[in-house]
Amino acid sequence: MASSASRFDDGTFVGFARRHVFVTMFGVAVPLLVFACFIGYPIVYTIYLSFFEWNGMAPQKKFVGLANYAYLLHDKYFYIALVNNAKWLIVSLVFPVSLGFLIAYVMKARLVFAPSLLRTIVFFPVTMSLIAVGLMFLLILNPVFGAFDTLLRSVGLGFLVHEWFGDYRIALYTLAVISGWAFTGMPMIFYFAGLGDVPKETFDAARIEGAGHWRMIRSVALPQLRPVTAIIVMLTLFESLRAFDLIAVLTKGAPFGMTNVLGYLVYMESFWNSRFGYGAALSVVILVIAGSLAAVLLGKVLKGAFDV
Amino acid sequence: MAEVSLKNVEKRYAMVPVLSGLNLDIADGEFTVLVGPSGCGKTTTLNMIAGLESITGGTLRIGARDVTTLPPKDRDIAMVFQSYALFPHMTVRDNIAFGMKIRKTPKAEIETQIRQVAQRLRIDDLLDRLPKALSGGQRQRVALGRALVRRPGVFLMDEPLSNLDAKMRIEARSFLTKMHQEVGTTTVYVTHDQAEAMTMGSKIVVMNGGKIQQAAAPLEVYNRPANQFVAGFIGSPAMNFLRLVYDGNALLDQACRLRIEVPECRRAALAGQQGKTVTLGVRPEHFRILQPGAIPGSDSIAFNVDVVQHLGHEILLDLSAGDHRCIARLPPSDRSKLGDGRLFSIDMDHVHYFNGDSGENLIDYARQQ
Ligand SMILES: Nc1ncnc2c1ncn2[C@@H]1O[C@H](COP(=O)(O)OP(=O)(O)O)[C@@H](O)[C@H]1O
Ligand SMILES: [Mg+2]
């Protein structure tokens, strides 16, 4: 043992691994096993299932080849959900991300009173369950006694009052904005930390040259925050593809599937329509979309983002 | 072109005073250096002149205007930061043009200005590079260029050379001095390096503990320090201080039988100090070594040689006598060795006497003249 320790004790990982074979095998094997059980197996099984027709209970699954995928190509509800996901993503990228940035900026620039209180308040919803958020907004936006409509009417903006969940033209945006409300704290905290790393002197230099806040944000802050923005875009992308909880609580995809998104469609097809094979095919499509968007993002947006 | 004047300027952070009662007049075209140890308030002072920090008391005038509450852009100043503060995602050209674009300078005018400044600073072939592709010295010149194109009334510089290596620093020092001679713009320059202050400033402002200790020409500060702090801060190696008791004729330390006769002409100034502690200040170059075998006289002190430092053009000796420690600067011909006991005399025409408690210089040079 002593001789082998000295022979391989070269400070590298290989040296370490040879000296501590058991520790290395165990240390690598356990996480691999956990990953295989809880992430690898479900993915593989989902792909497997997508080639079958199965109601979730029958002892026999019927192999149907690519039929589920063929059906998907002509499924109107799939396209509605896909477009809704895209809309949801755009709303999420515009509203919570820019709002989160603005809040972080005004706190850093000391334009607000009690910044740490503001930070806590804005971040709080991130820690809340989306189910609770949904139930809360169900009350706030209730057409009969909801606080929001009452507020609009009392300040003379009664003409803005809508059926927030009932009107198929705006229901999806209502949902996306509620989700954004709960998500704003996330980009805020990222940007707040990011702004702390931007050298203060670059802001001072811009101020001396007469830059206003708009110029400061556009020409000094945002360009130096590119790595943060890249990470936030990724986070938002995954968050919007996972949109599920709010829809389950608030609209269940109604009216006429107009507020459905892919995540909820999978759930509906699998558990309500008992089409597990089709649900699996939808899941695989989501996986492919998420994977390719992430690849594009990593390749394009992140390119050079970490250069200093 | 503008003069700068601070009247009773003070700065508090949440009621904690950091700077108090700053009074300073900087003449038009003067190169003024703020110098002092780290944390003494130099940057804060400069940032208040720039308008990056609010002034919590007193008034600041630049040119003929009271600018105490004006935003930085309206103060007719430009600043060079210690970290250069270049915009990392902009090319050198865009960095220099940044302010002019904001001020809506015409395109052609911007181009001419950039070319002129780039030529003067020898950065013409770097204009399309990003700051990360520049060396420290080049970045420093770009930062200078960005300040120059503003054509401000006052240049503010916060330790602009401290991120350069020793050789570059000496070069940049004379470069900046030459630049100032050509452009002639009033400059307030911050440094913690007393050698930089001595060589560059036409006026030195020595600060400590949030207060101005002395503001005068470099040689004035060197030869007539207002107090013990200034005396110890300016000059390298630092002035030696011997805490002794004044008996009316001489400064004494009974414990190690030290006795230094005070010249007649200085006794008037020390009249009030009889029986009290007086700090005698002696610069390293004002020790003279006596030949071995010299007779100990009334003005000679016996020191042990603790350390010998050969610097080539001179020798520094670390000396001790009882509790007293001194550094003496001697010509390279000296042959003292470690552990020697040697006799030294002090050039009493050039020593300073400081109040043992307050550190004030006991000689009132203003009244003497
Ligand atoms: N934002 C601040 N809040 C409280 N104290 C500060 C702040 N900025 C600086 N100080 C204090 O002011 C003093 C002077 O700082 P500074 O001007 O940076 O010194 P210098 O530039 O001479 O090294 C220091 O003691 C520092 O602790
Ligand atoms: Mg400083």
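Start by selecting Tyr13(B) together with ligand 1: a nitrogen atom of the ligand lies 3.3 Å from an N or O atom in the side chain of Tyr13(B), a polar contact (a pair of N or O atoms within 3.5 Å). This is a predicted model, in which local features need pLDDT of at least 70 and side-chain atom pairs count only at pLDDT 80 or more, while totals for chains, interfaces and linings use all residues. Side-chain values use heavy atoms, without hydrogens and water.

Next pick Thr44(B), with an N or O atom of its side chain 2.5 Å from a ligand oxygen. The protein covers 55% of the 570 Å² of accessible area that ligand 1 has on its own (Shrake-Rupley method, 1.4 Å probe).

Now show the whole shell, meaning residues with a heavy atom within 4 Å of the ligand. Among them are Val18(B), Pro37(B), Cys40(B) and Lys42(B). By class, the shell has four nonpolar, five polar and one charged residues, with Gly counted as polar and Tyr, Cys and Pro as nonpolar. Which helix gives the largest share of the shell? Colour helix H1 (residues 42-50) of chain B: three residues come from there. Helices here are DSSP runs of H or I with at least four residues, and strands are runs of E with at least two.

Move on to the chain pair. The contact (heavy atoms within 4.5 Å) takes 17 residues from chain A and 24 residues from chain B. The two chains bury about 1700 Å² between them, 66% of it on carbon and sulfur atoms; buried area is the accessible area (1.4 Å probe) lost on being put together, summed over both parts. On the chain A side, select Arg207(A), Ile208(A) and Glu209(A), which lose the most area to chain B, together 40% of what that side buries.

Within chain A, colour domain 1 (4-67) and domain 2 (76-301), bounds that come from an automatic or database assignment. Their centres, taken over C-alpha atoms, are 34 Å apart. These domains bury about 640 Å² between them, 76% of it on carbon and sulfur atoms. In domain 1, highlight Thr46(A), Ser50(A) and Trp54(A), which lose the most area to domain 2, together 47% of what that side buries.

Two backbone stops remain. Finish at Ser274(A), a residue other than glycine with a positive phi, near 55°, in the loop between helix H15 (262-272) and helix H16 (276-300) of chain A.

Methods:
Residues numbered from 1 in each chain as written. Chains lettered and ligands numbered in written order. Polar contact = N/O pair within 3.5 Å; in protein donor to acceptor, adjacent residues only side chain to side chain.
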